[in-house]
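Subject: Structure for your review

Dear colleague,

My notes on it follow directly after.

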Amino acid sequence: MLRYHTTHHNSRNPPNLQDNAPDSLVRPGDGPDGNYPMRARFEKMLREAQISITDAIAKIDGKATFQEDCWTRANGGGGMSRVLKDGAVWEKAGVNLSVVYGSMPQEALQAATERGVDRAKGMAPGERVPFFACGLSCVMHPRNPFCPTMHFNYRYFETDGGVWWFGGGTDITPSYLNEEDMKHFHGTYKEVCDRHDPEFYPKFKAWADKYYTITHRNETRGLGGIFFDDLNDRDPELLFEFAKDAVNHVVPAYGPIIEKHKNDEFTEDQKRWQQLRRGRYTEFNLVYDRGTIFGLKTGGRIESILMSLPETARWEYDHHPEEGSPEAEIMDAFKHPREWV
């Protein structure tokens, strides 16, 4: 999934695949008037994070490498997708960078952000919203049921009239509960948050539990992490440093958990349970995920939007885990979010 990641797609502005990645997809003067230096710095920071994260993940996998696709659009912006397939550890992992200039329908703005409805007030019916967006988005689906799926997204957004905000977060989706792993993952992000504002972790942890709820199932997609949106309550330099710190702690938070479990033995029944949980993952991403909805409403590059989906998933009619089982244990955590640190 490439959250907030594409211009309005039509026959006049298709994505053009490139042989070589450009130094930058940000062009001064493009898009609405705004903080041009921040746009360029945020893109550079995310590109560096994309390279360092994919290098570290490929090293842990030990078999597969990331393939990079780059594309640009004639009216500005584009993206760089790095995808690993058929690895020893990961079935599928993708990290997508995007820079977007364009105008979007008001309903896309409403889908894109927590306060989108407010931001569309006062606009004439049918009036489009000029915007700039830059984001790095990632999903990793491991083979082993004892290795959790991980997702992150960090983005910077500007719309007409000098409105700007940061959004993002990192979250984890295990199929089996290991409390030490959750203490490590959440503890890593609590330390990141505490360096910037002691109120961040409790606020963003609760926000993640709420955001990643599959409402029609009355359960969460996974075991959370941090999530924030519409963050513009202080100097943008401070929020830039927070986003940089958070994205650069993806590997320290997640990598040790994968190293610990990548060779764990598992049964066919445990694999089947992982596939059922991936079905829930798919339901959330297609029904509720803001970035997926935004990408589809703005006619985005479909391979990037749907990159978040697992290669395989499973649905069984009226499935309930056996009482007292490890599957029932984690279901309780999905239905009743806990504090891990």
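Predicted model: local features only at pLDDT ≥ 70, side-chain atom pairs only at ≥ 80, totals over all residues.

Leaving out residues up to four places away in sequence, methionine 140 touches Ile53, Ile57, Trp90, Lys92, Ala93, Val95, Pro148, Thr149, Met150 and Tyr254. Met140 also belongs to the largest nonpolar core, which has 74 residues; together with Trp90, Phe152 and Tyr154, Met140 touches the most other members. Helix α1, residues 36–61, supplies the largest share of this core, 9 residues. Apart from this core lies another, of 11 residues, including Val129, Phe157, Trp165 and Phe294.

Helix α1 also holds glutamate 43. Glutamate 43 is buried but has no salt bridge. Its nearest side chain of opposite charge is arginine 47, 7.4 Å away, whereas a salt bridge requires the charged atoms to be within 4 Å. Beyond its neighbours within four places in sequence, glutamate 43 is in contact with Ser24, Leu25, Val26, Leu97, Val99 and Cys134.

Next, the aromatic residues. The whole structure contains 26 aromatic pairs. In one of them, the ring centres of tyrosine 101 and phenylalanine 132 are 5.3 Å apart and the planes meet at 55°, so the pair is tilted. Tyrosine 101 lies in strand β4 and phenylalanine 132 in strand β5, so this pair ties together parts that are 31 residues apart in sequence. Tyrosine 101 and phenylalanine 132 are both buried. Another tilted pair is formed by tyrosine 212 and phenylalanine 284, with 5.5 Å between centres and 45° between planes. Tyrosine 212 is in the loop between α5 and β8, and phenylalanine 284 is in helix α8, so the parts tied together are 72 residues apart in sequence. Both residues belong to one aromatic cluster, which also includes Phe152, Tyr154 and Trp207.

Two arginines are placed over aromatic rings. The charged end of arginine 39 sits over the ring of phenylalanine 132, 4.7 Å from its centre. That of arginine 41 sits over the ring of phenylalanine 240, 4.3 Å from its centre.

Finally, a point about the backbone. Most residues other than glycine have a negative phi. Aspartate 230, in strand β10, has a positive phi of about 55°. Aspartate 318, in the loop between α10 and α11, likewise has a positive phi, near 50°. Aspartate 230 is buried, with a relative accessible area of 5%, while aspartate 318 is exposed, at 56%.

Yours sincerely

Methods:
Residues numbered from 1 in each chain as written. Heavy atoms only, no water. Core = buried A, V, L, I, M, F, W, Y, C linked by side-chain atoms within 4.5 Å. Buried < 20%, exposed > 50% of the residue type's maximum accessible area, 1.4 Å probe, protein only. Helix = DSSP H or I, 4+ residues; strand = E, 2+ residues; numbered from the N terminus. Contact = heavy atoms within 4.5 Å. Lys, Arg positive; Asp, Glu negative; His and termini not counted. Phe/Tyr/Trp six-rings, centres within 6.5 Å; stacked < 30°, edge-to-face > 60°. Lys NZ or Arg CZ within 6 Å of the ring centre and 35° of its normal.
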